[in-house]
Amino acid sequence: MRFSKQALSSLLLALFARTAIAQVEAGYDVSLATQVMINKASHSWEWGTVAQALLELYNNDLSVFGPNPFPNGKIPSADPGTFALAYAKQFINRNSQVLADNSAVGDPASLGVSAILLGQSDSTYNGAANRQADYILNQAPKWSNGAISHRPDVAEIWADFIAMVPPFLAYLAVQENNPGLMSQTVAQCGLQRDVLKTSQFLNWRHIIGPQSQDTGLWSTSNGWACYGMTRVLHTLQKWSGSSSMSSQASQLQGWIKEILDGALLSGFDDGLLHNYLNNASWFGEISGTSLLTACAYRMAVNDPGMFPQKYITWADTNRRNIAQHQGGDGVFSPAVNPLAWTDKSKFTSGSPEGQAFTVFMYTAFRDCVGAGICQSSSLPATTISKPGIGPIDILTILDHAITFTSMPAPPTTTCGPPQSCDMNGCAGAFNGLSKFPQLYSDSQHLWVSPEL
């Protein structure tokens, strides 16, 4: 989807300098990182990832990592003007088969949680979420074992899928009061793992299938899988409707632990995990390192016995190293090219997903400190209170106002089936560069200053 500057109007959210929900010193400027994340996002999975990052950063009580994300066993009522939802709303198709135009099966579902939250005040978004789920569950191709394909035209399994689809389906299970769907979601994570993991490694291979097979242990895709299952786990554990699913929760914890244990065994380059965890010839990069670190912090809070101090020590070391890779403009580098994961050139202009992962790392660290499990070098905490969420003894300081550009709502006409974004009708492998060779050049973006 392309937007003209004429179609974009500036929307300034009331997030003024040093307005705080809360304070933790992570070693880097999360507000600048957030602004770059918003400025750079231009694909459906990026929009959904940005929306999730904004939700965790500014309205964590609405996220599954909040203390009571499902009051009375239901999806919480949410103001559609909430920063994350106002951002996501502009990209969601309300009367289409999928939530956003995209070639992949899973990527539009990254907007699914936002759609369901918006659906609490506008039921058309619930209808859109249900159509998206129907396409995924009943129309998308499947692997021989039942694992849902990430591609629409062939059965092909991607680890990235785990961050897009299962968190959405788990959240939809709450919305629909459907424990069976929750159980099915966990089972789907296991089916994906059965295809992507081998006995040789703890980590998952990136892609298995006929178009774009990549048997390497891509750090970013392992991060996608780890964080996606972490969100499913918290959804399952905090919903009263799945309180009897302790065995499924244990399965998810075990699968998450495998990925993290594999990462803990991996080497570093300039303080960062290699782009491919099992290949030291690759440069270290910030994307996979940040997301796997976020996952470690989340699990240290979720089960301190299963994820003890060594995981926190590893995560703290990573966070401090990553902090050294943020420039004055907020960009973290080097990252892997998000559209060409085998590109040996370091990506330095700002990866949208990589920036989002540093926000996830921040929110996970913040919550770990808040739980008294991690240690921060911040000033003594000040207890504040926000109606509905109780006292908070950590203060998150945001030093800049965050802005984004709004656009007209997507057309409400019904779209046809999702089509491949390959120029030749998906006859060849997809790696992004052939279709989007210039998409991430700075000239393609409308920049909004993080300064007031």
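**Notes on the predicted model**

1. Contacts within the chain. In the protein, 74% of the contacts with a separation of 6 or more are between residues 24 or more positions apart, where contact means heavy atoms within 4.5 Å.

2. Basis of the values. This is a predicted model in which local features need pLDDT of at least 70 and side-chain atom pairs count only at pLDDT 80 or more, while totals for chains, interfaces and linings use all residues. Residues are numbered from 1 along each chain as its sequence is written, and side-chain values use heavy atoms, with hydrogens and water left out.

3. Secondary structure and surface. The protein has 12 helices and 10 strands; these are DSSP runs numbered from the N terminus, helices being H or I of at least four residues and strands E of at least two. The accessible surface is about 16,400 Å², and 51% of this belongs to carbon and sulfur atoms; areas come from the Shrake-Rupley method with a 1.4 Å probe, and for residues only the protein chains shown count as cover. Of the 452 residues, 61% count as buried (buried is under 20% relative accessible area, exposed over 50%, partly exposed in between; 1.4 Å probe, protein chains only).

4. Nonpolar cores. A nonpolar core is a set of buried Ala, Val, Leu, Ile, Met, Phe, Trp, Tyr and Cys residues joined through side-chain atoms within 4.5 Å. The largest has 126 residues, and those touching the most other members are Leu54, Tyr87, Phe168, Met229, Leu252, Ile256 and Leu260. Helix H6 gives the most to this core, contributing 12 residues. A second, separate core has 8 residues, among them Ile207, Trp218, Trp282 and Trp341.

5. Surroundings of Ile256. When neighbours within four places in sequence are left aside, Ile256 is in contact with Cys226, Met229, Thr230, Leu233, Cys295, Met299 and Phe307.

6. Positive phi values. Asparagine 72, which is not a glycine, has a positive phi of about 55°. This asparagine 72 is located in the loop between helix H2 (44–58) and helix H3 (83–89), and is exposed, with a relative accessible area of 77%. Asparagine 177 also has a positive phi, near 50°. Its place is the loop between helix H6 (161–175) and helix H7 (179–196), and asparagine 177 is exposed at a relative accessible area of 58%.

7. Cis peptide bond. The bond from serine 333 to proline 334 is cis, with omega near 0°. Proline 334 is in the loop that lies between helix H11 (309–323) and helix H12 (352–370).
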